[in-house]
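The following paragraphs go through one protein chain, from its contacts to its overall form. Please keep the sequence and the model open while reading.

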Amino acid sequence: MCGRYMLARDAQSLAEEFGVSAPDRLAPRYNISPPQPALIVREVDRKRVAALVRWGLVPFWADDISIGQRMINARSETVADKPAFRAAFRRRRCLVPADGYYEWQSRDGRKQPYLIAPADGGCFALAGLWEHWQRDGNELETMSLMTCAANAALGVIHDRMPVVIARADYGRWLSGDTPAAQLQDLLKAASDDYFVARAVSTRVNSPRNDDIECIAPLAALS
């Protein structure tokens with residue numbers, strides 16, 4: 001599962017990384033959580049564009065948008081068949097820029113949060129799906145993050161991790177011309193040395209806390 005992540009990079013570097021126009025009014029975020037707005041990159045008319053959508057996918061056929069509360073992640077093993085995700089997987093794939101994500105490890109009856117970020121300190125792209133929902137004149141755009149079984153390095157923290165799309169595969173993932181059946185090779189865990197994990201304060205446990213203190217490393221675990 002992936003239920004929190006961070007994106008504190010400036011708009012210009014994101015624009016250069018993903019080949020989009022610099023997003024407007026992009027503030028550093030250290031604790032993005034559902035159902036908050038999340039930045040995505042998608043392809044529209046064969047052009048990459050950035051957009052803010054709500055985290056928690058609402059299928060186009062849903063009668064009640066509260067279903068999005070249960071759709072923050074899509075499992076890569078079943079995404080092609082699940083009614084909530086299969087249409088988006090075929091036609092509405094996106095990239096979700098991130099600087100790191102959080103996961104919790106159970107330790108002696110408590111849960112210790114970890115910030116998991118690329119070893120090289122760079123930005124990375126989470127595999128996402130997006131949807132457009134419309135009813136009675138109301139419209140909503142939402143997204144979900146795709147997950148897979150964790151690699152060996154991170155499996156000691158949690159058994160799931162988000163799917164990462166390599167820069168070389170951005171175009172293939174986003175293109176509506178790519179059949180979903182030809183994307184299975186991308187739905188896998190990052191290599192064991194791609195991420196590093198460090199324990200951080202339980203401050204990140206509350207979505208109300210969204211500042212740089214959320215990523216401050218702990219000197220030692222108690």
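Contact here means heavy atoms within 4.5 Å. This is a predicted model, in which local features need pLDDT of at least 70 and side-chain atom pairs count only at pLDDT 80 or more, while totals for chains, interfaces and linings use all residues. Residues are numbered from 1 along each chain as its sequence is written, and side-chain values use heavy atoms, with hydrogens and water left out.

Setting aside neighbours within four places in sequence, Asp99 is in contact with Met6, Leu7, Ala8, Arg9, Ala117, Pro118, Gly122, Cys123 and Phe124. Asp99 sits in the loop between β6 and β7 (100–107); strands (E, at least two residues) and helices (H or I, at least four) are DSSP runs, numbered from the N terminus. Because its relative accessibility is 11%, Asp99 counts as buried, where buried means under 20% relative accessible area, exposed over 50% and partly exposed in between, with a 1.4 Å probe and protein chains only. The side chain of Asp99 reaches the backbone nitrogen of Ala8 at 2.7 Å. A polar contact of this kind is a pair of N or O atoms within 3.5 Å; within protein, one must be able to donate a hydrogen and the other to accept it, and residues adjacent in sequence count only if both atoms are side-chain atoms.

Helix α1 covers residues 11–18, and its buried residues are Ala11, Leu14, Ala15, Glu17 and Phe18. Down the axis of α1 these residues fall within an arc of 165°, so they line one face of the helix; the arc is that of the directions from the helix axis to the C-beta atoms. They pack against β1 (5–7), β3 (37–44), β4 (47–55), β6 (93–98), β9 (124–135) and α3 (170–174). At the N-terminal end, Asp10 caps α1 through a side-chain oxygen 3.2 Å from the backbone nitrogen of Gln12. After α1 comes Gly19, with a positive phi near 70°.

The largest nonpolar core has 62 residues, of which Tyr5, Leu129, Met143, Met146 and Trp173 touch the most other members. Its largest share, seven residues, comes from β9. A second, separate core of nine residues includes Met6, Tyr102, Val200 and Val204. A nonpolar core is a set of buried Ala, Val, Leu, Ile, Met, Phe, Trp, Tyr and Cys residues joined through side-chain atoms within 4.5 Å.

A disulfide is a pair of cysteine sulfur atoms within 2.5 Å, and the count by this rule is zero. Cys123 is buried, at 16% relative accessible area, but its sulfur is 14 Å from the closest cysteine sulfur, in Cys2, too far for a bond. Cys214 is also buried, at 0%.

Some backbone details lie in loops. The peptide bond from Pro34 to Pro35 is cis, with omega near 0°, and Pro35 is in the loop between β2 (29–32) and β3. Asp45, in the loop between β3 and β4, has a positive phi of about 50° although it is not a glycine. Asp45 is exposed, with a relative accessible area of 76%.

Of its 222 residues, 50% count as buried.
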